[in-house]
Amino acid sequence: MSNSSNYISPNKDKSSYHCPRCGVYSEQNHFALRCSNSTNRILNGTATKCTHCRDYHLWIGDELAVPLASIAPPPAENMPDDVKEDYEEARQVVNHSSKAAAALLRRSIESLIDELLDDASGHLYSDIETLADEEIIDDRIRKAFDAIRVNGNEYTHAGRIYAQDNQEKALRMFELINVIVRTTISDDRIIQEMYRDLPENKKRENN
Ligand SMILES: [Zn+2]
């Protein structure tokens, strides 16, 4: 029942989030990890217990140690394979490096543009402009594209990585890509399918 449209990343400081085990948004009970028969805390460790699947997650400091699952949202339905390849790789690295994730996510929107534009130039800035000019995307989605482009650029420029690591920002980039895929691909597919199923004599071109 994982609903990635309002995905709340696992975070040991939050009382509820999408469980990395069962995928359900659920309340989490928190416990400090201590040695048995002692008040000593283990490695600044915390356990959270999902109230839905009743399974545990273990944290060392702020980092999710068990299960070995990504804190980023799963890809939106209908995400094209080329886009998904970089997106999934970004999910695998984001727990440890938001910089690497941001660079991969920027690459994944280049693949998405290749899907949407017949004659992509390979220059992100102008391709986003073309998508807007040809009314393939509206202004809201253009802003989402630009946010990913700019954030990706901040992390990597001319082969140098210089931005501060910012996991929250990287996680928002995952959300934005899912919004773009849902708007440009999934919604479009639903509309096309609905229209295709209309009786031929009711379609606009036949009236
Ligand atoms: Zn769970």
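Predicted model: local features only at pLDDT ≥ 70, side-chain atom pairs only at ≥ 80, totals over all residues.
Which residues does Leu 105 touch, not counting residues up to four places away in sequence?

Residues are numbered from 1 along each chain as its sequence is written.

Overall layout. The protein has five helices and seven strands. Those are DSSP runs, numbered from the N terminus: helices are H or I, at least four residues, and strands are E, at least two. From the N terminus on, the order is β-β-β-β-β-α-α-α-α-β-β-α. The C-alpha trace spans about 80 × 45 × 25 Å along its principal axes.

Now the sheet. Five strands make an open sheet, ordered β1-β2-β3-β4-β5, with antiparallel pairing. Two strands pair if DSSP finds at least two bridges between them. β1 (16-18) and β5 (63-66) stand at the edges with a single partner strand each, so one side of each has no neighbour in the sheet. Look at β2 (residues 25-34) and β3 (residues 41-50): they pair over six bridges. Asn 29 has Lys 49 in β3 as its bridge partner.

On to the helices. The largest nonpolar core holds 30 residues, and Leu 105 and Ile 177 touch the most other members. A nonpolar core is a set of buried Ala, Val, Leu, Ile, Met, Phe, Trp, Tyr and Cys residues joined through C-beta atoms within 7 Å. Buried means 20 or more other C-beta atoms within 10 Å of the residue's own, with C-beta atoms placed from the backbone. α1 (81-93), α2 (98-116), α3 (124-133), α4 (139-155) and α5 (167-196) each give two or more residues to this core. α2 gives the most, seven residues.

Back to my opening question. Leu 105 touches Tyr 87, Ala 90, Ile 148, Gly 152, Met 173, Phe 174 and Ile 177. Contact here means C-beta atoms, placed from the backbone, within 7 Å.

α1 and α2 pack at about 170°, axes 8 Å apart. Axes are lines fitted to C-alpha atoms, for helices over the stretch in contact, and angles run from 0 to 180 degrees between N-to-C directions. That makes α1 roughly antiparallel to α2, a label for angles over 145 degrees. The contact includes Tyr 87 and Ala 90 of α1, and Leu 104 and Leu 105 of α2.

Key: Buried ≥ 20, exposed ≤ 12 C-beta atoms within 10 Å, placed from the backbone. Contact = placed C-beta atoms within 7 Å. Parallel < 35°, antiparallel > 145°, perpendicular 65-115°, else oblique.
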